[in-house]
Amino acid sequence: MNGEKSLRRRLLLAGTAGLVAAGALQGTARAGTADVVEPDIDSTRTWGARPPQGGISVLRYRPSSIIVHHTASANSSDFSRAQAHSHARWVQNLHMDKNGWVDTGYHFLVSRGGWITEGRHDSLRTLYGGSEFVLGAHTAGRNDQAIGIASEGSYHAGALPPQAQWDVLVVLCAFVCERYGIPASRIHGHKDYSATLCPGVYHDMLPQLRGEVAARLG
Ligand SMILES: [Zn+2]
């Protein structure tokens, strides 16, 4: 199955799951936001994360922005779910063993094939709750305010993101914005805050990302 077919199937599944979940959720957070669907997100348990090597801090308020990253990994042509899980493990090992962090620095990762994995433990539970989030480690000075979403791959040297990754990033950003009440205008890139090449061409695409997310939010 090629990546595009896989994406269409996944988006269809995500839409269906969103409808079911919307009916099951308490409250009215989704009322009037028909274009916001709940994407499938593979939890740390699903992809077999290591336990954190220290405490995860839960911040008892909502984040006010999203910051987009790339993981500077290889631009894999493997668009499978297994590759998304392998990439999630690679990032976690890097952040824990090389950087010495308690866990993955990002809250969520989007693979080149359009599969979403939870990064730091408890990011998913708190996202569903919509009123708190976990302290990440992705952007100096902004970690207590922003959700960090990282795209698999390296986009600072001319590579363009696969369509599946772009489409799922839009869906995920819209869902995060909707759950936390974040305006699409508050989606930024890592280089807005630090001397870094991250997230490469995704930074040039931020106006388009904000526009597509805003259209979904209505
Ligand atoms: Zn970054």
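**Zinc site, pocket and local geometry in a predicted model**

Threonine 126 lies in helix H4. The model is predicted: local features need pLDDT of at least 70, side-chain atom pairs count only at pLDDT 80 or more, and totals for chains, interfaces and linings use all residues. Residues are numbered from 1 along each chain as its sequence is written, and side-chain values use heavy atoms, with hydrogens and water left out. Helices (H or I, at least four residues) and strands (E, at least two) are DSSP runs, numbered from the N terminus. At 2% relative accessibility, threonine 126 counts as buried. Here buried means under 20% relative accessible area, exposed over 50%, and partly exposed in between (1.4 Å probe, protein chains only). Neighbours within four places in sequence aside, threonine 126 is in contact with Val58, Ser131, Glu132, Phe133, Val134 and Tyr180. Contact means heavy atoms within 4.5 Å.

The protein has 7 helices and 8 strands. Of its 218 residues, 53% count as buried. Among contacts between residues at least 6 apart in sequence, 74% join residues at least 24 apart.

Valine 176 belongs to helix H5 (residues 163–180). Its relative accessible area is 0%, so valine 176 is buried. Residues up to four places away in sequence aside, valine 176 touches Ile66, Leu127, Ile147, Ile149 and Ile182. Valine 176 and glycine 130 are 46 residues apart along the chain, and their C-alpha atoms are separated by 8.5 Å. A second pair is formed by glycine 55 and valine 102, 47 residues apart in sequence and 7.1 Å apart in space, C-alpha to C-alpha. Glycine 55 sits in the loop between helix H2 (44–47) and strand S2 (58–59). At 61% relative accessibility, glycine 55 counts as exposed.

The zinc site is described next. The zinc ion is coordinated by His69 through ND1, His190 through ND1 and Cys198 through SG, at 2.0 to 2.3 Å. Donors are N, O and S atoms within 2.8 Å of the metal (3.2 Å for Na, K and Ca); water is not among the atoms, so sites may look incomplete. The donor residues follow the sequence spacing H-x120-H-x7-C. Histidine 190 and cysteine 198 are both buried.

The peptide bond from cysteine 198 to proline 199 is cis, with omega near 5°. Proline 199 lies in the loop between strand S8 (187–189) and H6. Helix H6 (residues 201–204) contains histidine 203. Histidine 203 is buried because its relative accessible area is 19%. Residues up to four places away in sequence aside, histidine 203 touches Gly189, Lys191 and Asp192.

The largest pocket holds about 260 Å³ of space. On a 1 Å grid over the protein atoms alone, a cavity is a set of points where a 1.4 Å probe fits but cannot get out; a pocket is an open set with protein on both sides within 12 Å along at least five of seven lines, and lining residues have an atom within 4 Å of a point. Grid points are joined across faces, edges and corners, and a volume is the space filled by probe spheres set on the points. The largest pocket is lined by 17 residues; His70, Thr71, Ala72, Tyr106 and Cys198 lie nearest its centre. Cys198 is also a zinc donor. Strand S3 (65–70) and helix H3 (81–98) each supply at least two lining residues. H3 gives the largest share, 3 residues. The lining divides into 8 nonpolar, 9 polar and no charged residues. Ala, Val, Leu, Ile, Met, Phe, Trp, Tyr, Cys and Pro count as nonpolar, Asp, Glu, Lys and Arg as charged, and the others, Gly among them, as polar.

Alanine 72 is found in the loop between S3 and H3. Although not a glycine, alanine 72 has a positive phi of about 60°. At 47% relative accessibility, alanine 72 counts as partly exposed. Aspartate 122 also has a positive phi, of about 80°, and is not a glycine. Its place is in the loop between strand S5 (116–118) and helix H4 (123–129). Aspartate 122 counts as partly exposed, at 27% relative accessibility. Most residues other than glycine have a negative phi, and most peptide bonds are trans.
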